[in-house]
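This report goes through one protein and its ligand. Have the sequence and the 3D view at hand while reading.

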Amino acid sequence: MGDTNLDGLIETLHAIAAVKFGSFKLKSGQMSPIYIDLRVIVSYPKKMTEVADLMWQTVHGGESKFQHVCGVPYTALPIATCISVKQNIPMLIRRKEGKDYGTKKMVEGHFKVGDKCLIVEDIVTSGSSVLETVQTLNNEGIKVDQAIVLLDREQGGKSSLANHGITLHSVLTLTQVVKTLHRMGKIESSLVEQTEHFIKSNRHDITVPSSIKTSNTDNKKKVFAVCKSYRERSESCQHSLSKKLYSIMETKSTNLALSVDLTKSNDILQIVDTVGPFVCIVKTHVDIVEDFSQSFVNHLSDLAKKHNFILFEDRKFADIGNTVNCQYNNGIFKISSWADIVNVHPVPGEGVIAGIKQTGLSLGRGCLLVAEMSSKGNLATGDYTKAAVKMAENHKDFVIGFICQSRLTDDPNFIHMTPGVKLSSGDDALGQQYSTPEDAVINKGADVIIVGRGIIQATDPVSTAKQYQQAGYNAYLQTLK
Ligand code: 5BU
């Protein structure tokens with residue numbers, strides 16, 4: 001299509017305030033000189049059909065290659081509808097909510113396994129929204145290898161999508177929008193420079209987006225931007241506890257956390273003393289210990305020093321700040337006095353972190369957020385997980401990472417620890433879902449693998465722990481290649 005068409009489109013977008021300049025705080029907290037909100041387009045039906053036509057021409061070039069079009073919810077839905085109606089290509093609707101409630105249909109519309117679908121989106125930044133939609137379609141057997149977007153913010157979405165085998169076509173780029181508006185005399189050259197600077201300093205294309213598996217990548221090795229040695233990670237993170245943990249991982253060549261879910265203190269101490277040399281963390285559930293005593297935690301702390309590992313109490317605090325503060329410091333367990341790390345559920349909101357932090361910060365403790373779980377049907381998914389990441393970002397001085405099942409961020413301050421790990425994958429009878437150490441580290445992006453029954457119920461826990469240590473560490477070495 002001609003440049004005049006695009007110039008006209010850019011002018012219109014500016015005129016209807018879909019493109020605004022100023023100083024805008026983005027969700028990420030960053031300040032942006034430009035803000036784009038294409039939702040307003042629904043108020044201009046003629047423009048909307050023109051946009052849809054331009055998008056179709058950009059991707060299509062004449063012959064029909066798709067059995068369906070599917071808009072990324074919600075802004076792109078009306079645009080996808082226009083394309084569907086005008087080009088007479090059946091539409092699919094991806095449900096956004098369904099996955100959190102279990103059995104609801106995730107894709108509406110008639111389709112066959114193997115059908116090809118074009119994804120329609122308004123703006124692409126990192127590409128993760130497109131990938132979420134692709135993932136849902138892939139789960140139903142629908143193939144996707146192309147996406148069309150009105151505006152590419154040029155912040156890495158194109159290459160992230162390419163990593164997943166998806167070609168991104170865009171009608172406009174952010175640079176093109178600002179340059180055109182400048183040429184038309186609508187904005188100052190300083191705004192062009194500011195925007196270009198913003199794009200350069202906010203690119204995410206070294207990141208393969210979190211957690212998202214598409215059929216095009218399932219068999220490929222994921223390459224995470226944080227594929228650095230433990231030594232480098234230790235240097236790039238802020239919290240002293242994270243530094244210590246990475247340095248232990250480096251020195252002892254292990255990313256294995258032992259989950260010592262036994263109920264007698266002597267059994268715990270005995271296995272920890274023998275397996276301690278092969279782990280970087282020992283994780284407890286102190287409330288299952290039948291003969292808990294202060295002497296038990298003293299011994300445990302001595303073993304932590306002797307074998308150089310970190311103590312993690314898997315308490316999963318989940319109440320208001322004041323209550324979790326009491327639970328952390330008081331009662332018979334006095335967790336804050338001995339556990340280097342505890343974890344919290346984000347469900348109560350940031351107060352749960354603040355409650356633990358009130359005491360933990362000055363003691364040099366750290367906290368993990370349970371952003372995802374390994375158990376079948378758990379509700380820690382989607383927006384909940386994203387909100388957990390934001391919460392962590394607001395408390396970087398205390399939150400050192402996540403309990404999760406996928407790589408959630410490449411911020412070096414956050415360590416990803418993944419439970420539900422066994423040498424052979426499968427489920428237990430109560431909903432636990434296992435992946436192998438290789439899968440956890442290479443595909444899910446785990447920094448630390450957490451293993452319980454795989455070791456403590458083994459006939460020979462020590463040699464089995466060594467096997468897990470080797471499998472986990474070799475997987476880490478592979479990510480460095
Ligand atoms: P397992 O025996 O390897 O299945 O034990 C896993 C441990 O990790 C156990 O202590 C759980 O409480 C813990 N865990 C988990 O399995 N999955 C999760 O999502 C979270 C914790 Br959070």
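## The ligand and its surroundings

A residue is near a molecule if one of its heavy atoms lies within 4 Å of it. The model described here is predicted. In this model, which residues come nearest to the ligand? There are 16 residues around the ligand, and Asp261, Ser374, Gln432, Tyr434 and Arg453 come nearest.

Some side chains can be followed down to single atoms. Asp261 has an N or O atom in its side chain that is 2.6 Å from an oxygen atom of the ligand. For Tyr434, a polar side-chain atom lies 2.6 Å from a ligand oxygen atom. The side chain of Lys283 also has an N or O atom facing this count, at 2.8 Å from an oxygen atom of the ligand. On its own, the ligand has 500 Å² of accessible area, and the protein covers 89% of it.

## Domains

The protein is divided into two parts: domain 1 takes in residues 3-222, and domain 2 takes in residues 230-478. How far apart do the C-alpha centres of domain 1 and domain 2 lie? The distance between these centres is 37 Å.

## Cysteines

A disulfide is a covalent bond between the sulfur atoms of two cysteines. A search of the whole structure for disulfides finds zero. Cys82 is in no disulfide, and the nearest cysteine sulfur, which belongs to Cys70, is 15 Å away. Is Cys82 buried or exposed? Cys82 counts as buried, because its relative accessibility is 16% and the cut-off for buried is under 20%.

A disulfide would need the two sulfur atoms within 2.5 Å. Cys367 is buried too, with a relative accessible area of 0%.

## Confidence in the model

The pLDDT of the protein averages 90, and 90% of the residues score at least 70. Where does the pLDDT stay under 50? One such stretch is residues 205-212, for which the model has 28 contacts beyond four places in sequence. Residues 217-223 also have a pLDDT below 50, and this stretch has 15 contacts in the model beyond near neighbours in sequence.

Technical notes
Residues numbered from 1 in each chain as written. Predicted model: local features only at pLDDT ≥ 70, side-chain atom pairs only at ≥ 80, totals over all residues. Heavy atoms only, no water. pLDDT = per-residue confidence, 0-100. Contact = heavy atoms within 4.5 Å. Buried < 20%, exposed > 50% of the residue type's maximum accessible area, 1.4 Å probe, protein only. Polar contact = N/O pair within 3.5 Å; in protein donor to acceptor, adjacent residues only side chain to side chain. Areas by Shrake-Rupley, 256 points an atom, 1.4 Å probe, with all protein chains shown as cover. Domains from an automatic or database assignment.
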